Amino acid sequence: MKLFVVHKDTVIIYFLILAAICSIITLNWDTTAAVFETMAPKKDLPIYCVQKEDKICAISFDAAWGNEDTHTLIEILKKYNIKTTFFVVGEWVDKYPESVKELADAGHEIMNHSNTHPHMTKLSKEQMQKEVTECNNKIESVTNKKPILFRPPYGDYNDNVVSAMRDIGMYTIQWDVEVLATVGNSLYKRIFT
């Protein structure tokens, strides 16, 4: 068994040093906080969920390719009194403006999923903003409403994407896979079985 003997003067010195450090931090809290804030990297994240008091789920769809099931989907959502958000690609709006109008007229939100469905992280800030602005213009021309939400194609985002979208007044949205799987599974069973 080892026994350590600490002299009373050593304990007092360590206590005074600790008290001095605490005093400096307390008296200069703004500076100390700024140092810690600078040292800790900040990640610019998209919105994954929104805190609500009610137990609700937001359902969304991405529309980038065909429109064969759009009318059927609108009817199913109507049957169950479900309103959702459709993230559409600008090229899809060009091909199927009547589907975009039908979705909007049914009370669903039409939001932005880019103009051409690129990997946003491979684009410059200007290219990202152009992709989203062009899609916004197409959506607004059909629905008379300017989108404020953007879902990156492939879920591909980084700090630059989120920041570039914020600079043009857009909120970047992501999905939560666990919730998506659970809700999607129960909704599928409810509708199709």
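Modeller: Contact, in what follows, means heavy atoms within 4.5 Å. This is a predicted model, where local features need pLDDT of at least 70 and side-chain atom pairs count only at pLDDT 80 or more, while totals for chains, interfaces and linings use all residues. Residues are numbered from 1 along each chain as its sequence is written, and side-chain values use heavy atoms, with hydrogens and water left out.

Biologist: Happy to start with Asn136. Is Asn136 buried or exposed?

Modeller: Asn136 sits in helix H6 (helices, H or I, are DSSP runs of at least four residues and strands, E, of at least two, numbered from the N terminus). Leaving aside neighbours within four places in sequence, Asn136 is in contact with Asn112, Lys146, Pro147 and Met170. Buried means under 20% relative accessible area, exposed over 50%, and partly exposed in between, with a 1.4 Å probe and protein chains only. Because the relative accessible area of Asn136 is 5%, the residue counts as buried.

Biologist: And Val88: how far apart in space are Val88 and Cys135, C-alpha to C-alpha?

Modeller: Val88 belongs to strand E2, residues 85-88, and is buried because its relative accessible area is 0%. Beyond four places in sequence, Val88 touches a group including Ala63, Ile110, Ser114, Cys135 and Ile139. Val88 and Cys135 are 47 residues apart in sequence, yet their C-alpha separation is 8.3 Å.

Biologist: Ser114 turned up among those partners. What is its phi, given that Ser114 is not a glycine?

Modeller: Ser114 is in the loop between strand E3 (109-112) and helix H6 (125-143). At 0% relative accessibility, Ser114 is therefore buried. Its phi is positive although Ser114 is not a glycine, at about 90°.

Biologist: Which relative accessible area does Asn144 have?

Modeller: Asn144 also has a positive phi without being a glycine, in this case about 65°. Asn144 lies in the loop between H6 and strand E4 (149-150). The residue counts as exposed because its relative accessible area is 67%.

Biologist: Which residue does a polar contact of 2.9 Å join to the side chain of Thr121?

Modeller: Thr121 is in the loop between E3 and H6, and is partly exposed because its relative accessible area is 28%. Setting aside residues up to four places away in sequence, Thr121 touches Asp156, Tyr157, Asn158 and Val161. A polar contact is a pair of N or O atoms within 3.5 Å; within protein, one must be able to donate a hydrogen and the other to accept it, and residues adjacent in sequence count only if both atoms are side-chain atoms. At 2.9 Å, the side-chain partner of Thr121 is Asp156.

Biologist: Over to Glu91. What separates the C-alpha atoms of Glu91 and Lys138?

Modeller: Glu91 is part of helix H4, residues 90-95, and is partly exposed because its relative accessible area is 39%. Not counting residues up to four places away in sequence, Glu91 touches Asn115, Thr116 and Lys138. Glu91 and Lys138 are 47 residues apart along the chain, and their C-alpha atoms are separated by 8.9 Å.

Biologist: Last one: which helix does Ile21 lie in?

Modeller: Ile21 is partly exposed because its relative accessible area is 44%. Its helix spans residues 8-27 and is H1.
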